[in-house]
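Let's take a quick tour of one protein model. Have a look at it first, and then we'll go through a few of its contacts.

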Amino acid sequence: MISEVPVELGDRSYTVHIGSGVRHDLPGIVAAAGAARAVVVTARPPEWTPDPGVPSVVIPAQDGEAGKTLAAVERLCGEFARFGLHRSDVVISCGGGTTTDTVGLAAALYHRGTPVVHLPTSLLAQVDASVGGKTAVNLPAGKNLAGAYWQPRAVLCDTDYLGTLPERERINGLGEIARCHFIGAGDLRPLSTHEQIVASVARKAEIVAADECDGGLRHLLNYGHTLGHALERATDFSLRHGECVAIGTVFAGRLAHALGRITPHRAAEHHDVVRHYGLPAALPPDADVASLVRLMRLDKKATTGLTFVLDGPHGAELVGDVPEAAVVTALAGMPRELTHRSENRCVPSSAADHA
């Protein structure tokens with residue numbers, strides 16, 4: 001089954017193709033773009049890197065936050081120039097979310113904008129990172145602080161790639177699906193993986209079409225991300241993005257309840273949804289509350305004090321100037337558990353962690 005989700009942005013509109021084998025549509029998409037040549041940046045082995053159908057060069061990449069830097073973008077742009085890539089040609093990314101982000105930014109900057117096509121190979125990248133045109137890399141001061149908006153020409157979410165993922169990486173991608181429950185996508189738990197991807201992409205496409213550059217509504221996509229990004233930094237990325245977003249989603253429910261925005265039942269629903277997907281729902285045992293608050297103040301949304309996307313009587317919305325005392329109390333009340341990466345589950349590290 002092949003599904004297509006349009007991202008309606010006027011003359012920058014494109015289609016997200018979802019299903020088994022859609023990577024083989026790449027040559028037709030490249031031809032339709034009028035590109036004579038292509039650079040393929042891939043974090044996948046040769047047998048999983050499709051031929052674009054035009055003269056091309058393949059640049060190996062490696063997924064992971066360690067490579068998501070301005071130095072990596074500079075290296076890619078240098079390779080584009082050495083190949084003689086023109087802005088009428090095309091850049092193709094093939095990898096997870098970090099590859100999508102880094103290659104997307106390099107394409108946005110090279111010749112002030114070169115067309116890019118994304119082939120996301122992780123679940124997380126398929127349901128979120130590859131769609132919507134946000135590209136960014138990390139700085140020492142924080143995550144995704146250097147970036148640009150650059151919409152792709154097309155996105156090919158080939159579900160065959162998902163069968164190559166380690167179990168932890170598959171569950172990691174469910175973190176972005178879990179947060180969709182609270183931003184208007186509805187309950188995706190009963191659906192197949194294909195249907196979950198389609199529903200998540202459709203909700204993101206709807207939001208991006210209404211607010212391409214984070215003027216308001218698009219902030220909803222950052223549900224759970226304020227604490228999530230802080231946890232990534234605090235753990236030196238030993239916790240993965242989707243895992244951190246899941247923990248951040250549980251925290252967002254607790255904070256919204258503490259502020260009187262939602263009922264205890266709705267707050268508990270955050271925990272139940274996250275745990276349904278097998279994701280962690282607790283802080284690491286050694287998480288330092290003061291450090292997390294400091295890192296959350298660096299969040300890009302935090303233009304007016306501590307800022308979160310929180311559930312409420314009218315649904316999720318951006319809430320600024322959240323009192324630090326409320327944030328500290330909600331963090332202190334979070335359970336703490338040791339995540340056993342090999343089993344991808346959480347077990348209590350000690351009884352004291354739940355006091």
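Here is a short briefing on a pair of strands and some salt bridges.

Keep in mind that this is a predicted model.

**A strand pair**
- Strand 7 (residues 134-139) and strand 8 (residues 142-149) run antiparallel, with five bridges joining them.
- To get from strand 7 to strand 8, the chain makes a hairpin through two residues.
- Thr135 has Ala148 in strand 8 as its bridge partner.

- Arg23 and Asp158 form a salt bridge, and their closest N and O atoms are 2.8 Å apart.
- This pair links distant parts of the chain, 135 residues apart: Arg23 sits in the loop between strand 2 (14-19) and helix 1 (26-32), while Asp158 belongs to strand 9 (residues 154-158).
- Both Arg23 and Asp158 are buried.

- Glu324 meets Arg297 in a salt bridge, at 2.6 Å from N to O.
- Glu324 is in helix 11 (residues 324-332) and Arg297 is in the loop between helix 10 (289-296) and strand 10 (308-310), so their contact ties together parts 27 residues apart in sequence.
- Glu324 counts as partly exposed because its relative accessibility is 36%, and Arg297 is partly exposed too, at 41%.
- Asp11 and Arg12 also pair up through their side chains, with 3.6 Å from N to O.
- Asp11 counts as exposed, at 73% relative accessibility, whereas Arg12 is partly exposed at 40%.

**A network**
- Salt bridges link Asp128, Glu176, Arg179 and Lys204 in a network.

Notes: Residues numbered from 1 in each chain as written. Predicted model: local features only at pLDDT ≥ 70, side-chain atom pairs only at ≥ 80, totals over all residues. Heavy atoms only, no water. Pairing = 2+ DSSP bridges. Helix = DSSP H or I, 4+ residues; strand = E, 2+ residues; numbered from the N terminus. Salt bridge = Lys/Arg side-chain N within 4 Å of Asp/Glu carboxyl O. Buried < 20%, exposed > 50% of the residue type's maximum accessible area, 1.4 Å probe, protein only.
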